[in-house]
Amino acid sequence: MKNALGKGVSGVVLVAILGAVIQMVLSPLQLSPESQQTLYLLKCYAFYPIYKIIGGFHSMGQNIDGYYYYDKNANPPEKIAEARAYEPTSKDFFLSTYPKSGTHAGMQMLVHLLSKGKMCEDGCDLHKMVYAAEFGPRSARNMSEPVEEYPTQPRIIGTHMPAHHLKVHDAPCKYLYILRNPVNTLLSLRTMNYFMFGPVLRQPLDEFVTYYTATRETGWADHVHAWWRLRKLDNVHIVFYEDMVNKPEKTIVSLAKFANIKLNKKEREVIVKRMSKKWAIENIDTKHFAVVTPFSPPKAFRDQSGSASAFIVDHDKYFSQQWSEKFTNEQVTRIKMLEKEKLLRLDAKHNVSDGANFISERGEYF
C-alpha cells in the first residue's frame, strides 16, 4: 500500500508538472473556453486511475487526537502544533467554524464590525485581514507579527480547530463560533471540492455522504457538540449561519454587544449591507485569494460556475451547471438522522444533555 501511495503522490507531482508545461506551451495560442475545458477534462481523466489508487484526495486528511485536519500541505503538522500551543491574549478575537459553515461570511462580518465599516470598503482579500491559525503557505499573515501591525484591533484569528484543541476556558480573548445546518454544510463542502478538483476527481455523491457522516470517526456533530457545551462561557458567542443571512441586523447588534463595540445607526447599516452574499460576490470574490490545485477547473469553468475564489459562490450560477449536484431526499434524510444520532451518542459519552438541548433548540436542522 505504501508503494502504491508513493506512486500516487509521484503521479500528482508529475501531472502537475506536465499540466504546467502544457499550459505554458499552449497559453500563447489563446485557446477558446471550449478548448480549455476539453484539455482540462482530458488531463483529469488521464489521472483518474492514480486518483483511485491513492484512495481519493479526501484520504490525505490527518486525524490528530480525534479530529480530521486537511492534508499536510494545507495544514502542516508544525502549524497545527503551534496553534494548539498558543496562549491567547486579550488582543485576540477567535473565529471558529467547522469547514464550510460560514467561515468567510464570518470574516467579512468581523472585519467590518471591528473597523466599524472603515476597512474593506470596496472589497478585499480577507486572508490578508485574518490570521488562519493552522494553515500553511496560503495564510497571508503570520502569528509572529506584532499584534499592532494587524489590520484590526483586536486581531482576528480564524480556525477550523475543535474546541478541545484550543485554550478556551478562562482565556482572556473572545471566541465567535459560527455553525450551519449539516445538510448545507456538506453541500457547500461538495461545491468547494468541485472548485478544487473539478467534476472528475471526486467521490461519487452517495460515497461522499457516507464518508462524511458515517465512515470518518469525527465530523460536524463532534465539532458542534464540543462548542455547544461551551455556549454559557462569558468569552464564547455562538451565531447560526442562517441568522447571519436572514437576520443580519439582529446578528450584528448581538455580536457588537458581545465584543463591547458601540455602533451608531449609520455604522450598523453599513455593516449589515456588507454582510450580504450579493455584496460579497461583487466585492470580495474577485479580490480574494483563490484556492487552486493542479486539478482546479480552468478560468472558463470557474467563471461559468460562479466563483473566482472557490470560497464565495454564486449558487444561482453554480447550480445551473451540468456538473453541479444536489442531495437526493433520501440523502438529506440520512444526513439529518446520522448527525442527530451522533449528537445523542456524544451526550452519553460525556454524560451531558447538550446534544439533546441543541436538537431541541434547532429542530429545523433535523
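Me: How do the axes of H7 and H15 lie relative to each other?
Reply: Two packed helices are described by the angle between their axes and by the distance between those axes. In this predicted model, the axes of H7 and H15 cross at roughly 100° and come within 9 Å. H7 and H15 are therefore roughly perpendicular to each other.

Me: Which residues of H7 and H15 make the contact?
Reply: From H7 come Trp-220, Val-224, His-225 and Trp-228, and from H15 come Asp-354, Gly-355, Asn-357, Phe-358 and Glu-361. By type, the residues of this contact between H7 and H15 divide into four nonpolar, three polar and two charged.

Me: Which residues of H15 are buried?
Reply: A residue counts as buried when its relative accessible area is under 20%. In H15, which spans residues 354-361, this applies to Asp-354, Gly-355, Phe-358 and Ile-359. Seen down the axis of H15, the buried residues fall within an arc of 140°, so they line one face of the helix.

Me: Where are the buried residues of helix H10?
Reply: Helix H10 covers residues 265-274, and its buried residues are Glu-267, Ile-271 and Arg-274. Around the axis they cover an arc of only 65°, which puts them on the same side of H10. On the other side of H10, Lys-265, Lys-266 and Lys-273 are exposed.

Me: Which helices do the buried residues of H10 pack against?
Reply: The buried residues of H10 pack against helix H4 (103-114), helix H9 (248-258) and helix H11 (277-283).

Me: Where is Lys-116, and what is it in contact with?
Reply: Lys-116 has its place in the loop between H4 and strand S4 (130-132). Its relative accessibility is 31%, so Lys-116 counts as partly exposed. Leaving aside neighbours within four places in sequence, Lys-116 is in contact with Ile-261, Lys-262, Leu-263, Glu-267 and Ile-271. Lys-116 and Ile-261 are 145 residues apart along the chain, and their C-alpha atoms are separated by 8.7 Å.

Me: Is Lys-100 buried or exposed?
Reply: The relative accessible area of Lys-100 is 12%, so this lysine is buried. Lys-100 is placed in the loop between strand S3 (92-97) and H4. Apart from neighbours within four places in sequence, its contacts are Arg-180, Thr-185, Ser-188, Leu-189, Met-192, Ala-310 and Phe-311. The C-alpha atoms of Lys-100 and Pro-182 are separated by 9.9 Å, with the two residues 82 apart along the chain.

Me: Is Glu-242 buried or exposed?
Reply: Glu-242 has a relative accessibility of 17%, so it counts as buried. Glu-242 lies in helix H8, residues 241-246. Not counting residues up to four places away in sequence, Glu-242 touches Leu-179, Arg-180, Asn-181, Lys-247, Arg-362 and Tyr-365. Arg-180 is also in contact with Lys-100.

Me: Which cysteines form a disulfide?
Reply: A disulfide is a covalent bond between the sulfur atoms of two cysteines. The structure holds one, formed by Cys-120 and Cys-124, whose sulfur atoms are 2.1 Å apart. The torsion about the S-S bond of Cys-120 and Cys-124 is about -95°, so the disulfide is left-handed. Both Cys-120 and Cys-124 are buried.

Me: What is the phi of Cys-120, and where does this residue lie?
Reply: Phi of Cys-120 is near 55°, a positive value in a residue other than glycine. Cys-120 lies in the loop between H4 and S4. Its relative accessible area is 11%.

Me: What is the phi of Asp-65?
Reply: Asp-65 has a positive phi of about 50°, although it is not a glycine. Asp-65 is found in the loop between strand S1 (62-64) and strand S2 (67-69). At 54% relative accessibility, Asp-65 counts as exposed.

Me: Which residues does a cis peptide bond join?
Reply: The cis peptide bond joins Gln-153 and Pro-154, with omega about 0°. Pro-154 lies in the loop between S4 and strand S5 (155-159).

Methods
Residues are numbered from 1 along each chain as its sequence is written. This is a predicted model: local features need pLDDT of at least 70, side-chain atom pairs count only at pLDDT 80 or more; totals for chains, interfaces and linings use all residues. Side-chain values use heavy atoms; hydrogens and water are left out. Buried means under 20% relative accessible area, exposed over 50%, partly exposed in between (1.4 Å probe, protein chains only). Helices (H or I, at least four residues) and strands (E, at least two) are DSSP runs, numbered from the N terminus. The arc is that of the directions from the helix axis to the C-beta atoms. A disulfide is a pair of cysteine sulfur atoms within 2.5 Å. Axes are lines fitted to C-alpha atoms, for helices over the stretch in contact, and angles run from 0 to 180 degrees between N-to-C directions. Angles under 35 degrees count as roughly parallel, over 145 as roughly antiparallel, 65 to 115 as roughly perpendicular and the rest as oblique. Contact means heavy atoms within 4.5 Å. Ala, Val, Leu, Ile, Met, Phe, Trp, Tyr, Cys and Pro count as nonpolar, Asp, Glu, Lys and Arg as charged, and the others, Gly among them, as polar.
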